[in-house]
Amino acid sequence: MRPCPKDSRAFSSEVDTGSREEKASKQESRAPFRFDRNGNGSRRRTAMKGWARLALAGLLVWAASGIARADDLLKAKVGVLRLSSSAPVFIAQDKGYFRDAGLDVELKFFDAAQPIAVATTSGDVDFGITAFTAGLYNLAGKGTLKVIGGMSREKAGYPLIGYFASNNAYTAGLKTPKDLAGKRVAVTQVGSSFHYSLGLLADKYGFKLSDVKIVPLQSLSNAAAALKGETVDAALLPVSTARTLMDSGGAKFLGWVGDETPWQLGAIFASPKTLANAKLVTRLLTALTRADHEYHDVILTAIKDGVVPINEKTKPLLEIIAKYTNLPVEQVVGNCAYVDPDGKLDVKNVDNQIKWLQEQGFVDKGFDAGTIIARDYVKAD
């Protein structure tokens, strides 16, 4: 803090009897022009110089304290997809909620859910926020991941993942989701959320999942391309990915997963190493809960017939979601996933997912939802 003593000496020299400033003031008193008719302009300028130096010193102290606050921020890398199912993450980042909670967050974007789970386990990211997959459950069952909160859900009235048919298959009679038996259906990966959704559909309509030819294509963009290219009969895709196909006439819409089989789609998870830093975890969940509430109260409560109206209240958040999903606002309005306002997790449904995946042979046996949930953080629904 060396500048402070220097400023103090400068201020003292200005009131010292033999100071240069006072001598200058005496010389100025003989000058023909004055700012003050009573001859006090020089003394006032001297005092003003002193206060200016003190103000500058104060600004330096304030700036230094700001730098200290920035240094106090905990850094965190968060893996997400560019989908509306991560809307609260985008809101927290764009509106500074992470920073308000004491975090400096870097978002890392992926093209499928499973790589996010792997990146979280390896330490490439500190937190993963995406859909449940068989791969994620297997990693969690081995103790390398823990679920710490809920995120998106498939829920009736909130369009997110849809069933889409190729034009040829549609013409040949594939008109509804229950017609998928015996068809070639594209998903990102075996055991993915799309695969699970298809399994729930099979259970609902009484056909065998084995009757469906699952075509894992590793990414959303690959699945969309296969649908357009007629190399598959159908695909499960987020509406944001399928929208371009629909607008160009490259696919036909069959129905929404949320309307057919609601379930807990997404979650927040972390590795044991990250969980050892309780302050980091708490700050992240605090910021996300704040964003969950705003997203729910502003966007979700405004939805009518699956669409968010664009108005003064909703537009700012819609623009944030559009920014991070690379979609125009006009498309985001029909693509807002449901998220619990308190970030709750449907633990019972998670347990059902694990059991179903274990029965299919996609997930190792010997663990359940209680094994993979960090109960210190999860708010159960």
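Residues are numbered from 1 along each chain as its sequence is written, and side-chain values use heavy atoms, with hydrogens and water left out. Because the model is predicted, local features need pLDDT of at least 70 and side-chain atom pairs count only at pLDDT 80 or more, while totals for chains, interfaces and linings use all residues.

Rolling a probe the size of a water molecule over the atoms shows where empty space is left. On a 1 Å grid over the protein atoms alone, a cavity is a set of points where a 1.4 Å probe fits but cannot get out. A pocket is an open set with protein on both sides within 12 Å along at least five of seven lines. Lining residues have an atom within 4 Å of a point. Grid points are joined across faces, edges and corners, and a volume is the space filled by probe spheres set on the points.

The whole structure holds 1 cavity of 30 Å³ or more. The volume of the largest cavity is about 200 Å³. Its lining comprises 21 residues, of which Leu81, Leu83, Ser85, Thr130 and Ala131 are the closest to the centre. Two or more lining residues come from each of strand S3 (127–131) and helix H9 (193–205). Here helices (H or I, at least four residues) and strands (E, at least two) are DSSP runs, numbered from the N terminus. S3 gives the most, with 3 residues. By class, this lining has 13 nonpolar, 7 polar and 1 charged residues. Ala, Val, Leu, Ile, Met, Phe, Trp, Tyr, Cys and Pro count as nonpolar; Asp, Glu, Lys and Arg count as charged; the others, Gly among them, count as polar.

At least two of the lining residues come from helix H10 (220–228), and at least two from helix H11 (239–247). The pocket lining divides into 5 nonpolar, 3 polar and 2 charged residues.

Helix H9 has 13 residues. From first C-alpha to last it reaches 19 Å, close to the 18 Å expected at 1.5 Å a residue; the expected span is 1.5 Å times one less than the number of residues. H9 is mostly covered, with 10 of its 13 residues buried. Buried means under 20% relative accessible area, exposed over 50%, and partly exposed in between (1.4 Å probe, protein chains only). Among the buried residues of H9 are Phe194, His195, Tyr196 and Leu198.

An open sheet of 3 strands has the order S11-S5-S13 and antiparallel pairing. Two strands pair if DSSP finds at least two bridges between them. Strands S11 (263–264) and S13 (338–339) stand at the edges with a single partner strand each, so one side of each is left without a neighbour in the sheet. Strand S5 (residues 152–154) is joined to S13 by 2 bridges. Ser152 has Val339 of S13 as its bridge partner.

The structure contains 9 salt bridges, each a side-chain nitrogen of Lys or Arg within 4 Å of a carboxyl oxygen of Asp or Glu. Asp94 pairs with Lys323, the closest N and O atoms being 2.7 Å apart. Asp94 lies in helix H4 (residues 87–94) and Lys323 in helix H15 (residues 315–325), so the pair ties together parts that are 229 residues apart in sequence. Asp94 is partly exposed, at 31% relative accessible area. Glu260 and Lys204 form another salt bridge (2.8 Å, N to O). Glu260 lies in helix H12 (residues 257–260) and Lys204 in H9, so this pair ties together parts 56 residues apart in sequence. Glu260 counts as buried at 17%, whereas Lys204 is partly exposed at 42%. Asp351 and Lys355 also meet in a salt bridge (3.3 Å, N to O). Both lie in helix H17 (residues 347–359), 4 residues and about one helical turn apart.

Positive phi also occurs at Glu230, about 65°, although this residue is not a glycine. Glu230 lies in the loop between H10 and strand S9 (234–238). Asn326, likewise not a glycine, has a positive phi near 60°. Asn326 is found in the loop between H15 and helix H16 (329–332), and is exposed at 56% relative accessible area.
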